[in-house]
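The briefing below is arranged by topic.

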Amino acid sequence: MNHQALKNIICVRPLAGVIAVILLCFSQVFAIPPRPEAIEFQPLEYTPPRAADFRRMLSDGTIVYVAESHEFPLVNVSITFKGGGSLDPAATPGLASVMARMVREGGAGDMSPAMFDETLDFLATEMSVSAGNTFTTARMNSLSGNLDESLQLFVTMLRKPAFEKQRLEVVKARLLESLKQRNDNASSILAREWKAMLYGRNHFEASQPTASSVEAISREQLEAIHRQIIHPGNMIVAVSGDFAVEEMLEKLTEAFQGWERGAVAPDPKMPEAVLVPGLYHVQKEIPQGKVVLGKRGIVRDDPDAIPLLLLNEILGAGGFTSRLMQKVRSNEGLAYSVRSILSQRINYPGAFQATFESKNPTVALATKIVLGEIALIRQQPVTDEEIEVAKQGLIETFPRQFESKPTTLQVFVNDEWTNRPKDYWQTFREKVRSVTKDDLLRVAKKHLDPSQMAILVVGDWEAIASGDLEGRATMKEFFGGEVKHLPLRDPLTLEPLPLD
Amino acid sequence: MRLQVFFRLVVLVVIFGFADMVSAQKVSVEEFTLPNGMQFLLVPRTDQPNVVSAGWVARVGSVNERPGITGISHFFEHMMFKGTNTIGTRNPDKDRTFRVEQKKVRDQMNQLVLSEQYERYRNGEIDDPWDSVNDTPRLKSLRTKLDTLIRAQQGRGKAGPATATIVKDEFDQVYTKAGGSGMNAFTSYDLTCYFITVPSNKLELWAWMESDRLNDSVFREFYSERDVVHEERRLRTDSTPTGRFQEQFNSMFWASCGYAWPVIGWPSDLNSYTFEQAQVYWNTYYRPGNLFGVVVGDFDPKQAKRYIKQYFSRLDPGSNKLPPVVTLEVEQLAEQRMNAIGDFPPTIEIRYHTVPAGHVDSYPLDMLAEVLNERTGRLYTTMVEGRGIAATASASSDTRKYAGLFSFDGMTRGDAVPEQLEQAWYEELAKLQTEDLSERELRKVKNRVAASNYRRLENNMSLLIQLAFSEALLDWEEINEGPAKYEAVTADDIKRVANKYFKETNRSVAIYRRSMEQVTAKEAGK
């Protein structure tokens, strides 16, 4: 068929094309290997970068990771401060996050918010500040031609935020509008309730602002948490882009001059809650049920972390090559997305969880299959092919951890803040290679015990509970059919609403 | 006083900096076309070492469909991961037999549904002719037969794994093992794009895998995969608060052209695709003359060209003519409105018909959106901050291959109602239609547009996607020529397009609110 087609080309193409086509016929006959495994690849030597090669210290003691890169006339500055939601006062969840927004939006030094924004826009300099759970990050991206002005504005914004009153009202109002939408989307209900089950409603992983806690946020509170987080004693800097290193270090030294150093922020507190195994449900009338099931997991530096990473790839994190995707999506067509997630924390255990969604009648069937796969991977060793694919995948994609200068530096900043073992990246591939099928079986038995897991379903219970038409599964199969119906919560007060 | 000086200094630096930058923006692309018609764009660069992002585009999307096969472009995107006679099966002949058997059964089912079940539907006996709960006994037995065949093919039937001819998701396994990451594809109105990032030494593997599936896709799991697409539809559209409303608004907005149906397709069509329809579609749109490849990253262009010639030349150019997209959007004659009630905050969207990508007015329209957007834009300063009636407000200009639209979106704040945002929007428009933009405001927006055009090129994958869209809609050169066109837009141009397109008769308004708030709004109106 192809040769026939090539003849057709010869008829209509000019002579140059004819020659090309003839040559290509040859290459086709001789050079296309029958299967991809038959291709021989050039070896790709890769040595991960070392933090020490990029790490510098300013005269005031500030740590800076710095790298030149001249392909684009742009400069990236990123400052990572310790602490975020972890430092919110109990009565004011979300304070660090509002502070971060207000640092960016509330004006700087003696410039009004509007004038500050206008100046940045005119320079086409981008700045952002955001608070996560345990770190707060400030970023700047400027054209190298505007670096001096931009850097001056950036540091002024961080050191002397104006927290202007009217902007605070706007930020609060926007937050309030987003609170009102809390119950609109089933996925956000699922995420909120699951975190509360895992970590407890009062831990910063799960705590949520209410309308009244947002209203009560004052300028004084913003200033207090700003003093605690945003200062040189609590930050590590990363700079990459179009500049000369020594010159950049001088500029930073000058910009930070006279900026008072406070104490390093404290470590985040441990969650106190314990996940109670069982079947849980929140009512929402939609044609598709959303499910998460799982348990508390491990800390990042757990000795089982690498075998668990591989196990998770095989079970549900490896996309289409994972068992959950094959069984639930490819074989049965029960879900569009299904995956397992191993989330790690530094100071306290993270979580292992599987999530998926399915049309109401097949929620039970999909749940049964997912739990079945978890049980299976604890009973039988994985296949040689599975562990090989998972290992090769991790090893071959390893260089992507350091794919650009900004990502490389950010890895080093995070590692320094979290005291990651110094040889972690240098020995990573070797550690992956040395994992055995027995290791995987052992960690599966140890860490994925289904009797410690909870199942949370958000959806229309009546349509979900009785299961599929063919009778392959109902929700009665889990925890003896005993379901705890959790109340939806008032979007503004988070008080439980009456169960229907 | 200090600030004024500061500003002046800044202006000097910036104007110099930007004029420089606009002229400096050159992505050097090596372009060539194989004798079979497949075009390639190569962009070697080393800022991200050891990796290459590679992809290819079929110049086809939902706009090329018609009622009855809506969503087939997107369905194809799913099919392309299901393998060939080499990948995805351990016994290609037996696997083909399974597929032929499945087709026979499914064709009978389709025929029954479209005749008997559709008639029962028209008579009011059943509410959904495709839903298996409404199956007649004959249909039910056919469905069981089809399911048995599918299970046997997968090795999940009564006879156990021995009957399996499928190697599940082998396509993904080969890439994963080789260090491929971010493998995915997307379908839009005008194009379908398949892409991945591979280690630099695996470019030959990419050429092998992609040319294999373009040469020899067999549409394995043609029938079972539509359950997955139904779940995707439920996830994206049916189970989100605004999904189905937005779909309806879209269909109301476009009267005649092919943007009126959703990319994912109408549910009835999704059930009905036949193998013959798929084959015609494949032979028409997935021919090398309608495809182009894009490779961006750390690679040797000579070697890349060799691989591309070696592998992609096996694609058959085919003989099907590309059917042109004929139907143009008709002129809208009167305002259209939609009032939606559900679980969403009070919001408003106002849309206007504009122009296709590359149209001379598309540049001032894009700039106009930028004048309105961002924290220093007019919408934020007047609606969010000034009057405090909006929590968010934004504008966007969406120019596609055959038509375009401009939209305003706003979410209310506090007790404000969507009608207040609507009024405020008309007032903003009136200002744009009657007053000239100041030089400074225009300069600011141009600076921002130039810088963001630039930033988008930093990352390999993001450049690949930019090139894919530019080439599919216009010409890849637009990536280098566009910035100068934006730089050339004048205040007069912006005023002119503001007057030309933003007319009452050319607009469609969607208002979303919660049921409770509707009551309040009515009371407020009394």
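This is a predicted model: local features need pLDDT of at least 70, side-chain atom pairs count only at pLDDT 80 or more; totals for chains, interfaces and linings use all residues.

Residues are numbered from 1 along each chain as its sequence is written, and chains are lettered from A and ligands numbered from 1 in the order in which they are written.

**Chain A**

- Chain A has 18 helices and twelve strands (DSSP runs, H or I of at least four residues and E of at least two, numbered from the N terminus).
- Its C-alpha atoms fill a box of roughly 75 × 75 × 50 Å along the principal axes.
- Of the 500 residues of chain A, 56% are buried (under 20% relative accessible area, 1.4 Å probe, protein chains only).
- Among contacts in chain A with a separation of 6 or more, 80% join residues 24 or more positions apart (contact means heavy atoms within 4.5 Å).

**Chain A against chain B**

- In this interface 97 residues of chain A are in contact with 97 residues of chain B.
- The two chains bury about 8500 Å² between them, 56% of it on carbon and sulfur atoms (accessible area, 1.4 Å probe, lost on being put together and summed over both parts).
- Phe122(A), Tyr336(A) and Arg400(A) supply 9% of the area that chain A buries against chain B, more than any other three residues.
- The rule finds 16 salt bridges between the chains (a side-chain nitrogen of Lys or Arg within 4 Å of a carboxyl oxygen of Asp or Glu).
- Lys359(A) and Glu231(B) form a salt bridge, with their closest N and O atoms 3.7 Å apart.
- Helix H6 (residues 165-180) of chain A gives eight residues to the side that touches chain B, the largest share.

**Domains of chain B**

- Chain B is divided into domain 1 (34-88 + 167-312) and domain 2 (336-525), with bounds from an automatic or database domain assignment.
- The domain centres, taken over C-alpha atoms, are 30 Å apart.
- In chain B, 36 residues of domain 1 are in contact with 36 residues of domain 2.
- Domain 1 and domain 2 of chain B bury about 3100 Å² between them, 70% of it on carbon and sulfur atoms.
- The count between these domains is one salt bridge; Arg59(B) and Glu471(B) meet in a salt bridge at 2.8 Å, N to O.

How values were computed. Side-chain values use heavy atoms; hydrogens and water are left out. Buried means under 20% relative accessible area, exposed over 50%, partly exposed in between (1.4 Å probe, protein chains only).
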